[in-house]
Amino acid sequence: MPLPEPVTVEPPALPHPHLMRQSWRDVAFLHWAVEPASVARFFPPGVRPDVLDGRTHVGLIPFRMVRAGFALGPAVPWAGTFLETNVRLYSVDDTGRRGIVFLSLDADRALVVAGARAVFGLPYRWSRMGLRAEGDERAYTTRLRRGGVRSRVAVRVGAPTAGGPLEHFLTARWGLHVARGRTRYVPNAHPPWPLRTAELLDLDDGLVAAAGLGDLARRPPDHVAFSDGVGVRFGLPVPATTPRGGDRISRRRNGYGTVMGNRDSNQSSVRTDEQIASPKGSEVTEDEAGGDEPMAEVPGGPQVDVPAAQGHVSEDDDR
């Protein structure tokens with residue numbers, strides 16, 4: 001079985017044609033380290049837990065989705081911008097390709113939920129959600145419309161950080177694994193994450209338990225981080241048995257200034273259990289997804305696009 005591919009802060013080649021583009025904003029990363037055997041049952045066939053120093057991780061990730069749409073053409077009005085919270089695991093398939101497995105994805109757009117479930121087989125759920133941005137604090141709320149499961153996450157955003165092997169392992173993920181008949185891999189590409197430190201102010205979460213992970217979220221997370229966000233592109237799903245580079249890839253430049261195709265031996269990488277760490281920082285280049293939103297000043301750092309600056313972003317119950 002091939003070794004897992006290196007963890008790279010810049011994306012590998014994204015095959016054409018591209019399927020979708022979207023922008024992820026105000027992203028809070030909460031993670032718990034767990035034994036791989038404790039979550040192995042959640043992975044689809046041909047996929048196993050990815051590990052760093054013998055542990056894998058469970059992530060609780062609330063954020064804003066902005067201006068999602070097809071790769072060609074404008075963003076989808078209204079339905080393309082919404083709040084989302086996901087519970088996720090970290091995966092590697094039998095070809096060595098790393099990714100994410102979602103246990104749940106909550107969004108406040110019924111159209112998005114229905115479409116993602118039907119087309120990709122992703123476990124989206126329709127929920128009531130809110131985001132409050134005040135100074136350097138972000139508070140996210142989620143409540144399932146059926147079952148009443150709730151989540152509240154509040155963080156204080158800190159200084160920019162280059163991150164290290166753990167941060168790159170958790171955030172530099174260039175695709176997702178999903179069981180849709182057979183296990184498939186959906187690749188993506190985006191600029192390197194502009195990461196920040198973060199302090200957890202409040203956590204009262206039922207989503208992790210509802211995903212089948214017991215009382216894990218009753219203890220503080222092992223790692224907390226934040227990002228102002230990135231623009232993202234997705235490629236077409238391929239069978240998880242198809243190795244990266246085994247589909248239609250041409251040597252070209254992607255939207256982030258990176259030459260696509262065989263990667264240079266000087267590329268930045270974070271190698272895990274079988275590999276060596278040598279991360280390298282990189283400047284973020286924004287793509288057009290979400291790039292022309294109004295910007296709001298975040299004290300102590302660069303700008304982040306929060307509608308109604310330093311105000312309240314929430315979704316009403318009648319949507």
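How many of the residues of S4 are buried?

Tutor: Happy to go through it. This is a predicted model, in which local features need pLDDT of at least 70 and side-chain atom pairs count only at pLDDT 80 or more, while totals for chains, interfaces and linings use all residues. Residues are numbered from 1 along each chain as its sequence is written, and side-chain values use heavy atoms, with hydrogens and water left out.

Now to your strand. Of the 12 residues of S4, 12 are buried, so S4 is largely enclosed by the rest of the structure. Buried here means under 20% relative accessible area, with exposed over 50% and partly exposed in between (1.4 Å probe, protein chains only). Strands are DSSP runs of E with at least two residues, helices are runs of H or I with at least four, and both are numbered from the N terminus.

In a regular strand the side chains alternate between the two faces of the sheet. In S4, Phe82, Glu84, Asn86, Arg88, Tyr90 and Val92 point one way, Leu83, Thr85, Val87, Leu89, Ser91 and Asp93 point the other way, and all are buried.

S4 has pairing partners, where two strands pair if DSSP finds at least two bridges between them. One is strand S2 (residues 47-49), antiparallel to S4 over 3 bridges, with arginine 48 opposite valine 92. Another is strand S5 (residues 98-107), joined to S4 by 9 bridges and also antiparallel.

A pair of aromatic rings is described by the distance of the centres and the angle of the planes. Rings of Phe, Tyr and Trp (its six-membered ring) pair if their centres lie within 6.5 Å; planes under 30 degrees apart count as stacked, over 60 as edge-to-face and the rest as tilted. The whole structure holds 5 aromatic pairs. In one of them, the rings of tryptophan 24 and phenylalanine 63 lie 6.4 Å apart at their centres with planes at 70 degrees, so this pair is edge-to-face. Both tryptophan 24 and phenylalanine 63 are buried. Tyrosine 90 and phenylalanine 169, by contrast, form a tilted pair, 6.3 Å centre to centre with 35 degrees between the planes. This second pair links distant parts of the chain, since tyrosine 90 is in S4 and phenylalanine 169 is in helix H2 (residues 165-171), 79 residues apart. Tyrosine 90 and phenylalanine 169 are both buried.

Phenylalanine 169 has a further neighbour: arginine 173 lies over the face of its ring, at 4.5 Å from the ring centre. A charge sits over a ring if NZ of Lys or CZ of Arg is within 6 Å of the ring centre and within 35 degrees of the ring normal. The charged end of arginine 145 is placed like this too, over the ring of tryptophan 126 and 3.9 Å from its centre.
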